[in-house]
Each structure stands twice: as C-alpha cells, then as structure tokens.
Amino acid sequence: MKIAILGFGTVGSGVYEIAKTLKNIEVKKVLEKDLSKINIATDSYDEIINDKEIELVVECVGGLHPAYEFIMKALQNKKSVVSANKAVIAKYLDEFLKTSKENNVEFRFEASVGGGIPCLAGIQKIRRVENIDKFYGIFNGTSNFILDNMYRLENEFFTSLKTAQKLGYAEADPSADIDGYDVTNKVIISFALAYDGFIKNEFPYFTMKNITKEDILYFKKQGFVAKYIGEATTKGNEYEASVMLNLFPINALEANVLSNYNIITVQSYTMGEVKFYGQGAGKLPTANSIIQDILDIQTKISFNPISIEKKYIYSSNLFKHKYVIRSNEELKGNFERIDKDGNNFYYYTKEITQADLLKLVEEKDYLVVKLSEY
C-alpha cells in the first residue's frame, strides 16, 4: 500500500521510520514546507490528492485547521485516513465518519487516545460482546508527570511543569494538558466507541494548575495520591462525564502510575475491569498505533463497526460522589468533615451530584478534587 504522510514532525517522522521496516507499506509522499527534510517531500497537497497510487493519508499536522480540510479532502477523493489528532477528531468525528462511508473508504484514529496503548481497539472488542458500564483513567502523560514529580520530589506545581517542558513532555503553552482540554477530547472520542454516541464538551472539566505542594503533602498524610482523571458513564439516554483531579489510596494501581505513563480502565459485566497501561504519547509508541491502523485497513480488519447515531443528553444529576474542596476561606454548607492545614481549609462533602458541586464552587478558583470510588 502506498501512503502519504502530512507533516514530518515527531509523529510523522516516527510513522516514516516504522514504515521503512515493513515490506507492505511504502511512503510515497510527505507533505512538508521544508523540502530539505526528506527527498520525497512536497509542499503541494494537491500533488498527493491527485496521485491515484496513494490509497491512504496519515494526518500528523495537529490542530483544527488545516487538518480538518486535509482530512475531508482526502476522504472525498476516496483515500482512507489515519489520524492521531484528538482535537480535530473530537470536534468533527461525525463528519469524518459520514464522509468516509459515503466514499467507501476508512477513517481510523487509534493513536488519538492513549498514544501507543491499544485502548480504543480494546473498547471495540468488548463492545462486540456487551455494553460498557463506565471508563475512566489517566489519559494525559504530561499531567501525570507533573503530579508524580510533585508527589515524589515534593516540588511546587510550576517547578514540576518547567521540568516537564525541559524534558519535552510539556509544550511551551501547556494549557491543553493542564487545563483539561486534551483529556476532554479523549473522553469524547472514547465515549463515541464505548457508547455509540457523539457528545460535546458540555460536561465539567477542572484545571489541575490550582494544586500546590501543600495540597500534595496534606493528601499524602491522609494516605492519598492525586491523579488527573477523565471518565464517563451512561444511564439510559443520559450521560455523566468529568475531567478533574481524583484522590486514590496509595495502594491503588492509578496511584502508582509514574512519570508520563497512562492507565485507562474499561468496566463491563463479564469482563469486570480491564486496564490498559503504557506510554500515552511519544514518537514511536504513537507511530506504532498509526501503523497498526494502516495494516488493519490494508487487511480489512474491523473490531466493531463504528456508529455514533445514539443521542445522549448530559445530566448533572445522574450520580452522587464525594469531593474535597480546598479554600483559604470558610465555606457555607453541610459538609461531612472539615480539616484545617496551615492556611488551607479542606472541605469533605457528603455524596452530592455534579450540579450540587458546581453550585458550591461556582466560578471561584478553589481546588476541587473527587474522592475516587475505584
């Protein structure tokens, strides 16, 4: 199969590197502004679109635009597309699937969630047999590196963030990772495969940048480790989802996921809890997932047909959970427990709904942490 790669950065060059080792995949063109990077580079997308030998396009440019236009044009010209771009997939998945079906080609995106971890394939396999009750996990390696660094080395948040940036785990602008946008996108994509529905980012997502060294040390004394978690579940045609810090007991698997690793759990009746663990990003792990999608398209392997026709309504009153709210001022409310540590008050709520939580915190800059039930 002859393919084209759009973008020759970290992931694109990784795809090329692995493809070179395989006899049944040939990279014919690479879309790249810097033509000196590789001898098969072109700066003309039309050259790729008009090449009838190219059957598949790998989108590695990232962001929303021109990634959206590149993907749509490829599908409309009857070329399959593989992408790891969670931002564009979370926004336009319905259009991509519709257009691929109309043109009898494939749109695959395993690497968009969990990088090198085959969690989306795992979700599809489970769905062949039964419904999924819920999924949750550490979907973002950058946030996990920061929290792990804070916990083990007792560093401040921004010290840990700078270390992550120096090591290449965090971007110069880290907002997607630390404010929840990246995990939100991955929850939306995972939800599509788990529940056959395409939701939007109307559920709550809380930044993790409010957590301090003092918070980490306080929770450590209580026997907890903080992790940044995305999760979702359904009840009938309603769903609940969130992206926020969770507290896990120190012996929980999630509490012991170190550095930039991810762990994603899928729960169903006959399987119980299945955990997918590994590198959630990186050049070669992500490229490996892209290559796996290419090979599946080439050999016509499909774990479960993707359908996102079901309609779900977000409900903030579906389930009740316990939370911890940290503030340096006294809050009004009927709390289960209140601790004072230094200048901070830690308010432990009773079991309340997301709607109740949002009323408590409103738009204020409190630290909000869920007491994990897992």
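Author: We may; please keep in mind that this is a predicted model.

Reader: Where is the place of phenylalanine 8?

Author: Strand β1 covers residues 2–6 and helix α1 covers residues 10–19. Phenylalanine 8 has its place in the loop between β1 and α1.

Reader: Is phenylalanine 8 buried or exposed?

Author: Buried means under 20% relative accessible area. The relative accessible area of phenylalanine 8 is 13%, so this residue is buried.

Reader: What is the form of the peptide bond from histidine 65 to proline 66?

Author: Proline 66 lies in the loop between β4 (54–59) and α3 (67–76). Omega of the bond that leads from histidine 65 to proline 66 is near 15°, and the bond is cis.

Reader: Is asparagine 104 buried or exposed?

Author: Asparagine 104 is in the loop between α4 (86–102) and β6 (107–108). Its phi is near 55°, a positive value in a residue other than glycine. The relative accessibility of asparagine 104 is 73%, and exposed means over 50%, so asparagine 104 counts as exposed.

Reader: Is aspartate 196 buried or exposed?

Author: Aspartate 196 is placed in the loop between α9 (181–195) and α10 (213–221). Phi of aspartate 196 is near 60°, again positive in a residue other than glycine. At 16% relative accessibility, under the 20% limit, aspartate 196 counts as buried.

Reader: What do the buried residues of α5 pack against?

Author: Helix α5 spans residues 119–129 and is mostly covered, with eight of its 11 residues buried. Among them are Cys119, Leu120, Ile123 and Arg127. The buried residues of α5 pack against β7 (132–138), α9, β10 (261–268) and β11 (272–279).

Reader: Why is the pair of phenylalanine 335 and tyrosine 347 called tilted?

Author: The count of aromatic pairs comes to 24. In this one, the ring centres of phenylalanine 335 and tyrosine 347 are 4.8 Å apart. Planes under 30 degrees apart count as stacked and those over 60 as edge-to-face. The planes of phenylalanine 335 and tyrosine 347 meet at 50°, so the pair is tilted.

Reader: Which parts of the chain does this pair link?

Author: Both phenylalanine 335 and tyrosine 347 are buried. The two residues are 12 residues apart. Phenylalanine 335 is in the loop between β13 (323–327) and β14 (337–341), and tyrosine 347 is in strand β15 (residues 344–348).

Reader: Which residues form one aromatic cluster?

Author: The members are phenylalanines and tyrosines. They are Phe135, Phe139, Phe191, Tyr195, Phe203, Tyr239, Tyr312 and Tyr314.

Reader: How many helices and strands are there in the protein chain?

Author: The protein chain contains 12 helices and 16 strands. Its radius of gyration is 22 Å, close to the 21 Å that the globule rule gives for 374 residues, so the chain is as compact as a globular protein of that length. The answer to the count remains 12 helices and 16 strands.

Reader: What share of the 374 residues is buried?

Author: The C-alpha trace spans about 65 × 45 × 35 Å along its principal axes. The chain exposes about 16800 Å², of which carbon and sulfur atoms supply 49%. Of the 374 residues, the buried ones make up 57%.

Definitions and conventions:
Residues numbered from 1 in each chain as written. Predicted model: local features only at pLDDT ≥ 70, side-chain atom pairs only at ≥ 80, totals over all residues. Heavy atoms only, no water. Helix = DSSP H or I, 4+ residues; strand = E, 2+ residues; numbered from the N terminus. Rg over C-alpha atoms; globule rule 2.2 N^0.38 Å. Buried < 20%, exposed > 50% of the residue type's maximum accessible area, 1.4 Å probe, protein only. Areas by Shrake-Rupley, 256 points an atom, 1.4 Å probe, with all protein chains shown as cover. Phe/Tyr/Trp six-rings, centres within 6.5 Å; stacked < 30°, edge-to-face > 60°. Contact = heavy atoms within 4.5 Å.
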